[in-house]
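Subject: Handing over a structure

Dear colleague,

I am passing this structure on to you, together with some notes on what turned up in it. Please look through the sequence and the model first, and then read on.

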Amino acid sequence: MTIFKLGYVAMSENLKNASPSQTMTYKQFSQIANREAALRKLERIAISNLENCLRLLKHNTGNEIHFFRFSSKLIPLANHPELQGWNFMRPLKSKLSELGEWVEKYSMRVDFHPDHFVVINNPHADILKASLKTLSVHEGLLKGMNIDTAHRCVLHVGGAHNDKEGALEQFIVNWGFVPEKLQRMIILENDDTTFNIDDTLYLCEKLGIPFVFDLHHHLANYTDINWEEQWSRIMATWKDSPLPLKMHISSPRSETEFRAHADYIDVNMFMGFLETVNHTLPEIHCMIEAKAKDNALFQLAKDLRESGRAEFIDRSTFTLKNNS
């Protein structure tokens, strides 16, 4: 029997005025004549974002949701080259500590998915350096929450640069420049245009990185549509992780916009995955990437109950009933 846990991404459709991604552009920052005043304003925005994160975690606890992705936009302009030397972690210390205490108290799994501009396989040293700086910010946030940083940051492989094989090898070369503390934080996901299951597994197996299987991406970009043949290899990449295997579930918006995410999850598409992997692992965590955020989770749980195939342990955790 496999236990399945559902999670969602960053924002709630139910909490009002609770964005964890409030921001300020550098243009707005530079228009404030007093630099110290501008920095204090940035810090107030970051603190507000963290306070809203705690509201989101409390909302999740109240709804028995144990899996959540933090926004990667918690600290505006954290990596901007004109703000070198800004010690943004100091004023955030107590708020980060509060988040970490809540995560620990309620045994939540939390992670990040940095934006697409964070790439390891770029051949340009300055882009790699900027990516590592962004990853360092994420690592600092997790440490500030006193959360084990292992396997908490999902990345795509990156760009093909008109040479996919060369881009895969560039990832391996650049991996040697990634500090070990950041290496252990990274997990890799197959994407919907370039690097499919085979490509991503090649890197994960060679470098010892856990593989995050995205079913929707696979259906948009595959060598062989039968992902089931690769499942044992996907599972094996998680064998040394302190966390259960993680996958992503989303549904196409339409046939003509197949790669775009729909508001909700197609329960039949998801059920096909569940029935295939049931009994293969003790626990699998399923991150919902849908426009309706937590409402997509609530709707999917309702659809699973109504299917008659799922037996719920709580509002977001379930097993599949044995076929009679």
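A salt bridge, as the term is used here, is a side-chain nitrogen of Lys or Arg within 4 Å of a carboxyl oxygen of Asp or Glu. Please keep in mind throughout that this is a predicted model.

Side chains of opposite charge can pair when their charged atoms come close. The structure holds 15 salt bridges, and one of them joins Arg233 to Glu205, with 2.7 Å between the closest N and O atoms. Because Arg233 belongs to helix H9 (residues 231-236) and Glu205 to helix H7 (residues 197-207), this pair ties together parts that are 28 residues apart in sequence. Arg233 is partly exposed, with a relative accessible area of 31%, and Glu205, at 41%, also counts as partly exposed.

Two further pairs may be worth a look. In the salt bridge between Lys239 and Asp240 the closest N and O atoms are 3.6 Å apart; Lys239 is exposed, with a relative accessible area of 65%, and Asp240 counts as exposed at 65%. Glu257 forms a salt bridge with Arg253, where the closest N and O atoms are 3.3 Å apart, and here Glu257 is partly exposed at 39%, while Arg253 is partly exposed at 43%. Elsewhere, Glu36, Arg40 and Glu43 are linked in a network of salt bridges.

Ser250 sits in the loop between strand S7 (245-249) and helix H10 (267-277), and since its relative accessibility is 0%, Ser250 counts as buried. The side chain of Ser250 makes a polar contact of 2.7 Å with the side chain of His216 and another, of 3.4 Å, with the side chain of His261.

Ser131 is placed in helix H4 (residues 125-144) and is buried, with a relative accessible area of 2%. Its side chain reaches the backbone nitrogen of Val119 at 3.0 Å, and, when residues up to four places away in sequence are not counted, Ser131 touches Phe117, Val118 and Val119.

Phe70 lies in the loop between strand S2 (67-69) and helix H3 (89-105), where it is buried, with a relative accessible area of 1%. Not counting residues up to four places away in sequence, Phe70 touches Ala10, Cys53, Leu57, Val110, Asp111, Phe112 and Met145. From C-alpha to C-alpha, Phe70 and Thr149 are 13 Å apart in space, although 79 residues separate them in sequence.

Terms used. Residues numbered from 1 in each chain as written. Predicted model: local features only at pLDDT ≥ 70, side-chain atom pairs only at ≥ 80, totals over all residues. Heavy atoms only, no water. Helix = DSSP H or I, 4+ residues; strand = E, 2+ residues; numbered from the N terminus. Buried < 20%, exposed > 50% of the residue type's maximum accessible area, 1.4 Å probe, protein only. Polar contact = N/O pair within 3.5 Å; in protein donor to acceptor, adjacent residues only side chain to side chain. Contact = heavy atoms within 4.5 Å.
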